[in-house]
Amino acid sequence: MANLVSIRTALGDSLAAAGRVVYSYPNENVAVPAIVLVPGSPYISVASIGSGRLHIRFDITAIVNAVDNQAALANLETLILSVTNSLSNNYSLLGGWSQPTVQQIGNSDMLISQLSIELVTTN
């Protein structure tokens, strides 16, 4: 049976191997630069009834401080490249990284971008 906590933790560990701060779950307080894993949509899909195969989707959010526009974009691009290079071959990338946007997290403006990935596991 698929253990979603173990799957999410393994994904977080593989991303942390690049020397980045990784939150394997949404967190109210984020020390940037950081990578946050959140369930994607659809989160869990059944390949076919009786097959025992599940498709599990996560959104990887790259977050940097947005104090200086030029530096923030450069920092986000560096983080995006390190995340992309850290993903192992058993993940399917769904599309590409989203356009960077400024979002308020806590009391600070952050520059973020997201990537959707999917993996297949047995139930």
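Analyst: Gladly! Please keep in mind that this is a predicted model. Let's begin with a polar residue: the side chain of Glu118 makes a polar contact with the side chain of Arg57 at 2.9 Å.

User: What makes that pair of Glu118 and Arg57 a polar contact?

Analyst: The cut-off for a pair of N or O atoms is 3.5 Å, and the Glu118–Arg57 value is 2.9 Å, so the pair falls within the limit. The side chain of Glu118 has another such partner, the side chain of His55, at 3.0 Å.

User: Where is Glu118 found, and why is Glu118 called buried?

Analyst: Glu118 belongs to strand β6, residues 108–122. Its relative accessible area is 16%. Buried means under 20%, so Glu118 is buried.

User: Why is Tyr43 called partly exposed, and how is Phe58 classed?

Analyst: Tyr43 has a relative accessible area of 23%. Phe58 has 0% relative accessibility, so Phe58 counts as buried.

User: How many aromatic pairs does the structure hold?

Analyst: There is one aromatic pair. It is formed by the rings of Tyr43 and Phe58, whose centres are 6.0 Å apart.

User: Why is the pair of Tyr43 and Phe58 called edge-to-face?

Analyst: Planes over 60 degrees apart count as edge-to-face. The planes of Tyr43 and Phe58 are at 75 degrees, so this pair is edge-to-face. Tyr43 lies in strand β2 and Phe58 in strand β3, so the pair ties together parts that are 15 residues apart in sequence.

User: How do you know that β2 and β3 pair?

Analyst: Two strands need at least two bridges to pair. β2 and β3 are joined by nine bridges and run antiparallel, so they count as paired. Within this pairing, Ile44 stands opposite Ile56 in β3. On β6, β3 has another antiparallel partner, with 13 bridges between them, and there Phe58 stands opposite Ile117.

User: What makes β3 largely enclosed by the rest of the structure?

Analyst: Ten of the 13 residues of β3 are buried, so the strand is largely enclosed.

User: Which residues touch the most other members of the largest nonpolar core?

Analyst: That core has 24 residues, and those touching the most other members include Phe58, Ile117 and Leu87. Among the elements giving two or more residues to the core are α1, α2 and β6. β3 gives the most, with six residues.

Note on methods:
Residues numbered from 1 in each chain as written. Predicted model: local features only at pLDDT ≥ 70, side-chain atom pairs only at ≥ 80, totals over all residues. Heavy atoms only, no water. Helix = DSSP H or I, 4+ residues; strand = E, 2+ residues; numbered from the N terminus. Buried < 20%, exposed > 50% of the residue type's maximum accessible area, 1.4 Å probe, protein only. Polar contact = N/O pair within 3.5 Å; in protein donor to acceptor, adjacent residues only side chain to side chain. Core = buried A, V, L, I, M, F, W, Y, C linked by side-chain atoms within 4.5 Å. Phe/Tyr/Trp six-rings, centres within 6.5 Å; stacked < 30°, edge-to-face > 60°.
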